[in-house]
Amino acid sequence: MTFKELLGKQMLFFDGATGTQLQARGLKPGDLPESWNFTHPEIVEAVHRDYLEAGANIVKTNTFGANPIKLKESGLDCQKTIKAAVEIAKRACSGQKNKFVALDLGPTGKLLAPYGDLPFEEAVAAYSEMVRCGVAAGADLILIETMSDTYEIKAAILAAKENCHLPICVTMTFDEGGKLLTGATVEAAAILCEGLGVDAVGFNCGLGPAQIGKLLPQMLAAVNLPIIINPNAGLPVEKNGKTCFEVEPEEYAELMYNLAQQGVSVMGGCCGTTPAHIAAMIAKCKNLQPGGWRDCKLTAVSSYGKAVQLGADPIIIGERINPTGKKRLKEALAAQDMDYVCRLGLEQINSGAHILDVNVGTPGIDEPAMLAKAIPALQAVTDTPLQIDTSNYEAMEKALRLYNGKPMLNSVSGKEESLNKVLPLAKKYGAVLVALCLDDNGIPNSAAGRIAIAEKIIARAAEFGIAKCNIVVDPLALTISTGAENAAIACEVIRTMKERGINTVMGVSNISFGLPGREAVNSTFFTMALQAGLSCGIINPQSKPMLDAFYGFRALSGLDAGCKEYVRHYADAPKAAATMVSEMGLYDAIVKGLTEASRKAAGVCLQNEKPLDVINKYMIPALDFVGNGFDQKTLFLPQLLMSADAAKAAFEVIREAVGVSETQGETVIIATVRGDIHDIGKNIVKVLLENYGYKVLDLGKDVPVETIVQAAKASGAKVVGLSALMTTTVNAMEETIKALQADGDYKIVVGGAVLTQEYADQIGASHYAPNAVSAVNYVNSVYGK
């Protein structure tokens, strides 16, 4: 039988860690595990065989780091490396029943734009090359693992879907608080994967079974898919200079047994697990019934960071990013002024919008290009989910492809052209789809006629594999100035859809078109629609009457327990109103991550204040605010990096005004140690240090000990920052620290996923930085800032 035929029908088991097994057989710290596909293929095969003999069904190819982006400077060829790895794994599985080879796709080691320097389509292309090679060599399934960025996850999934028909599994690395590196919650990341059509989703690396057990219920509640758990053998600890995992095989098996009974379908191991761990786990769990598929009946959209559920509580969709009747927005679009578009979005979010509608269609605008520019710009400054609003099919596909998360797509109608064009796009990119109650004959004049169109769209969508929970019906409110029954018809459609378990959305203000005093009609109609069961109202969240209706309805209907949200909204209303300004000050522009607004505000400040006063009064406090938010996990990596970019833009204005030398500060050296080719963390630290005025000498990745020591000596730097992500390279960090200490009195700050405070102390580091903000704070303390 195939992997897909067995998935969800019997418990399946992945193997465990590969890197540590190769190390135990002689792989040296800093050597690429993938190189052993050529130099020691018999040992790689022996590792696979050990896991298969332990009872594993699935072995992961030795290709975790075989991405062409990673291999660029290694001398290894991606295609040859993957071909060799798959062939080794297939030899190990040869002749055995129900044994499968998973093509292992790990992260690129780069942050994708707009937060990093790797374009989305380049990431897709890199993963596509890996998939094509793996399929040609005979892999049975695709495993996308150890992922910490939803955008990179999407790139890898699209690459797999567009280049093969193999089953796709995705496992992600969360922190103990249930967040990815880029801030996604378990729910947001999981529904993205399900929307894009993967076959199974789950956890691996970073955490042990006990920690993953706390997050597992969130994923089980969010998606219908079979769940995978491949934990580490506990959290890492350091003993005698080595990274160790203390959960022994029998304890691991017991912990995994407890998790399996909650509804897991596939289990295995990651860092620190051995064939003994896998054997013990399988002996304990092999006869359990897998969780398989569930029916969550969840309608949700997501961004890179969070999910918004539809149906349980009314949702506000902000309508203001739509150029119809908005001269200033039309001008901004013509000038490609994305800062203005972003300000419109941020103002609506500040006023209570849960989702932002994004419509850039206006005469004279290249709508596909403009929408492809607006979507990433908005996602760069907010984690609020977006509704892609266009009737242009080219613009629709471009926006869906670039969107980081599971979007809402407005819209499809009952027209044959619309059904044939939009439904395949919604299926491929996993959108929640707005269904308009109109067809080739127009909008029916009765509720029954509109309901019939809605049912037609739902049935046609099902033919494409789009579940009913991913359809949201728009009854299309028509103005009461041309038909007194129009409000009642819309409410009847909403009521009927609610009875049938289908969510609804509606542009509320259409009801008053052509009338004076529209807000009185709009707010009253909004209350009527909410009472009928409207799931999402597309409204102006900066309209007081509309928000009065919204918060009043929730309080009166019992949805707002203790009227907490009502009280909070009206207590904060004056503060919110005060922030609704057309131009932002420098502090706010940096906090919000608005580059052009920051540049403009810096120029305004310099007209009346000294450069250093501008830095100390506005810029440093803004960076401190964002840094503290990141440290306390109220803000996440995307916001941190966008704020850093905004501050950088302001610094450029100041440098132009006073000269570069006056704003250059003390030198700090940073490097990823020998043998390690991951530089995400290092690059983040670099950006933040530069924005605090330091001169950063970035030596890059895979840097020899001697190079770091020579650079420190030549530059006169007091502080050296060292990064290592892989367990195979932490020894190189210790060597580097010893060499630096022998050469001079340097303050050495270390960071990376495998490091701990205990290990940092043991190897003689001056400071352990669990994140970029901690590193910057330490450097500031060294230099007395």
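1. The protein chain holds 31 helices and 25 strands. Both are DSSP runs, numbered from the N terminus: helices are H or I with at least four residues, strands are E with at least two. The model is predicted; local features need pLDDT of at least 70, side-chain atom pairs count only at pLDDT 80 or more, and totals for chains, interfaces and linings use all residues. Residues are numbered from 1 along each chain as its sequence is written, and side-chain values use heavy atoms, without hydrogens and water.

2. Along the principal axes, the C-alpha atoms fill a box of roughly 85 × 75 × 50 Å.

3. Of the 785 residues, 59% are buried (under 20% relative accessible area, 1.4 Å probe, protein chains only).

4. The largest nonpolar core has 225 residues. Such a core is a set of buried Ala, Val, Leu, Ile, Met, Phe, Trp, Tyr and Cys residues joined through side-chain atoms within 4.5 Å. Helix H26 (residues 637-658) gives the largest share, 11 residues. Met172, Met219, Met267 and Leu586 have the most contacts inside this core.

5. Look at Leu586. Beyond its neighbours within four places in sequence, Leu586 is in contact (heavy atoms within 4.5 Å) with residues including Ser598, Cys605, Tyr618 and Ala650. Another core, of 28 residues, lies apart from the largest one; Ala671 and Val703 are among its members.

Methods. Buried means under 20% relative accessible area, exposed over 50%, partly exposed in between (1.4 Å probe, protein chains only).
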